[in-house]
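Hi,

Here is the structure I promised to pass on.

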Amino acid sequence: MNVKDNLKVIQDEIESVTAHAPTIIAVTKYVTIDRAQEAYDAGLRHFGENRIEGFLEKKAALPSEATFHFIGSLQTRKVKEVINEVDYLHSLDRQSLADEVEKRAEHTIKCFVQVNVAGEDSKHGFAPEEVIAFVKGLQGFEKIEVVGLMMMAPHIEDQIQLRTYFAELKELQHQVAALGQSNAPCKELSMGMSNDYLSAISEGSTFIRIGTKLVG
Ligand SMILES: *Cc1c(COP(=O)(O)O)cnc(C)c1O
């Protein structure tokens, strides 16, 4: 399927569940530069990659109007290779990473704090109860703006349980926003992928990260 048709299907589904359409991030990690360009030509302007090489390659190839999201786990020693090309970092998942971003970034990086809501061993991110203290500790960090929270949901069939996890992240987002910290407005929620974005949107997601269903 071409990207334009996939996008239309997704947009129609989104419209059926909410009047507040989230920003769609085209996750191009599985596809070629040509396919990413096709997504751009279909009108998409937000792109996500989870590895440094792919990120830099797609960013160099696409028009400069595109906004680039780094969505993968980022090793501390590799921050300097990529951070100044990043518009949004979705994987702020530990203090050492925050320290390195603060040291290496030359512009303010819009960051999502990654939260491991379901407590899965295989996933990165803070436990929910650690998030407030972590964000408070970022006071005075000039290169980090906590724009929101991010999660990767577990692969489960139980839709009610799934929505509980999304709702939990939304509740936590409100708590962080309520701190009123100047570098942590925390208005956004990065949640929802190909197999769960409608549930995520129903619970208030503002950025969905779609790979398979959109570009392949
Ligand atoms: C790959 C990836 C996605 C997109 O996954 P799909 O299931 O292909 O939509 C979203 N978020 C992150 C962090 C990813 O690594």
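Thr206 touches Pro22, Thr23, Glu188 and Leu189, leaving aside residues up to four places away in sequence; contact here means heavy atoms within 4.5 Å. You'll find Thr206 in the loop between helix H8 (197–202) and strand E8 (207–210). Helices (H or I, at least four residues) and strands (E, at least two) are DSSP runs, numbered from the N terminus. At 24% relative accessibility, Thr206 counts as partly exposed. The cut-offs there: buried is under 20% relative accessible area, exposed is over 50%, and partly exposed is in between (1.4 Å probe, protein chains only). Thr206 and Lys187 are 19 residues apart along the chain, and their C-alpha atoms are separated by 8.8 Å.

Before you go further: this is a predicted model, so local features need pLDDT of at least 70 and side-chain atom pairs count only at pLDDT 80 or more, while totals for chains, interfaces and linings use all residues. Residues are numbered from 1 along each chain as its sequence is written, and side-chain values use heavy atoms, with hydrogens and water left out.

Next, what the record says. An unreviewed UniProt entry has the annotation "domain: Alanine racemase N-terminal" over residues 4–216. UniProt positions are in the numbering used here, feature names are shortened, and annotations may be inferred rather than shown by experiment. Across residues 4–216 the chain is 37% helix and 18% strand, with the end C-alpha atoms 12 Å apart.

The unreviewed entry also annotates Lys29 as "modified residue: N6-(pyridoxal phosphate)lysine". In the model, Lys29 is in the loop between strand E1 (23–27) and H2. Its relative accessible area is 33%, so Lys29 is partly exposed. Not counting residues up to four places away in sequence, Lys29 touches Gly48, Glu49 and Asn50.

Now for helix H3 (residues 52–61). Which of its residues are buried? They are Ile52, Gly54, Phe55 and Lys58. Looking down the axis of H3, these buried residues fall within an arc of 165°, so they line one face of the helix; the arc is taken from the directions from the helix axis to the C-beta atoms. Glu53 and Ala60, on the other side of H3, are exposed. The cover over the buried residues of H3 includes helix H2 (33–41), strand E2 (46–49), strand E3 (67–70) and helix H4 (79–82).

How do H2 and H3 pack, and at what angle? The angle is about 55°, and the axes are 10 Å apart. Axes are lines fitted to C-alpha atoms, for helices over the stretch in contact, and angles run from 0 to 180 degrees between N-to-C directions. H2 and H3 are therefore oblique to each other (under 35 degrees counts as roughly parallel, over 145 as roughly antiparallel, 65 to 115 as roughly perpendicular and the rest as oblique). At this contact, Ile33, Ala36 and Gln37 in H2 meet Glu57, Lys58 and Ala61 in H3.

Most residues other than glycine have a negative phi. Cys186 is in the loop between helix H7 (159–177) and strand E7 (188–190), and Cys186 is buried, with a relative accessible area of 0%.

Finally, Gln175 is in helix H7 and is partly exposed at 36% relative accessibility.

Cheers
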